[in-house]
Amino acid sequence: MTHHRTGRIVTRAALATALAAALGTGAVHTATAAPAAPSRAAAPTPSVQAHATDPDGGWSQDGLHLNAGDNKKVDAYLARARRAERSISPQVRTAALLSHAQLVGFDQRLKSPDSLKRKIATKLKETPGQSVETSLATLNDAVRYTLQWPTGQYTHGVTVAAGLLSSWGNDTHRWSNTWGRPKGYKAVNSAWRAPRSGQLFEVQFHTPESKAAQLETHKLYEEQRLPSTPPERRRELQAQQDAIFAAVPAPAGAVHLTAPAHRNPEPVATHATTT
């Protein structure tokens, strides 16, 4: 995805104004379940839920387990992710503001300890011999965001938001565009590496319909990925998810959305109206 100097230019002054606004109350249109952060120097770090720590310092849940040493390493990773989030969130909020996106679920931008540990424990169980460090290095969504646009604005919105994130020095680590896939999940899921902290973070780009389908299929997906779920049940769960996503309309041009080709330190060209 290459950015051209056409249409309005998001100037440095406009970016600075938007960044300041994004740190204030109500600057970004968020879903009702995730109210905008109060005005302060940086968006607040969400509260971290208590997790299932064993008496020996390990972690156990849903038949999965981390020993005390691995559990401590995951806790240290979570602490680093929380620190990194403080500099990542202002950029994502600003990109949402300038691309006219709804920032969905902002209060859940940090993956809960139990959810993250369940994911790492599953990786370790599925890949015997793999270290917890290797598993953590591949984790994209300890810090995660969702940007959403109406179907008619989606393709342009993704182009603008991704271009801005790239221009600020975030490297595209992964770009998964499934709009052209005949079955299953529909959206663009991207992972980025922040320039200062090196923290990987996820940004999902949705329409209201694709986000609603994701929420509707979440419990099905959670059951499907449990190690205890039999193969026949997994196939049944996948078929149910496919049917739900089949009803999601694909925005015009969405199948052609690709990751930014390179970082652009200059102001990003966009047709979006700035304030």
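A residue is called buried when its relative accessible area is under 20%, exposed when that area is over 50%, and partly exposed in between. The legends below describe close-up views of a predicted model.

**View 1. A salt bridge joins Asp75 and Lys117.** The side chains of these two residues meet with an N to O distance of 2.8 Å, and the pair links distant parts of the chain, since Asp75 belongs to helix H2 (residues 68–98) while Lys117 belongs to helix H3 (residues 113–126), 42 residues apart. Asp75 has a relative accessible area of 29% and is therefore partly exposed, whereas Lys117, with a relative accessible area of 0%, is buried.

**View 2. Arg225 forms a salt bridge with Glu222.** The closest N and O atoms of this pair are 3.2 Å apart, and Arg225, at 24% relative accessibility, counts as partly exposed.

**View 3. Salt bridges link Lys111, Lys119 and Asp141 in a network.** In the model as a whole, the count of salt bridges comes to 9.

**View 4. Thr207 lies in a loop between a strand and a helix.** The loop that holds Thr207 runs between strand E8 (200–206) and helix H6 (208–224), and Thr207 counts as buried because its relative accessibility is 0%. Leaving aside neighbours within four places in sequence, Thr207 is in contact with Gln148, Trp149, Thr151, Tyr154, Trp179 and Pro251.

Conventions
Residues are numbered from 1 along each chain as its sequence is written. This is a predicted model: local features need pLDDT of at least 70, side-chain atom pairs count only at pLDDT 80 or more; totals for chains, interfaces and linings use all residues. Side-chain values use heavy atoms; hydrogens and water are left out. Helices (H or I, at least four residues) and strands (E, at least two) are DSSP runs, numbered from the N terminus. Buried means under 20% relative accessible area, exposed over 50%, partly exposed in between (1.4 Å probe, protein chains only). Contact means heavy atoms within 4.5 Å. A salt bridge is a side-chain nitrogen of Lys or Arg within 4 Å of a carboxyl oxygen of Asp or Glu.
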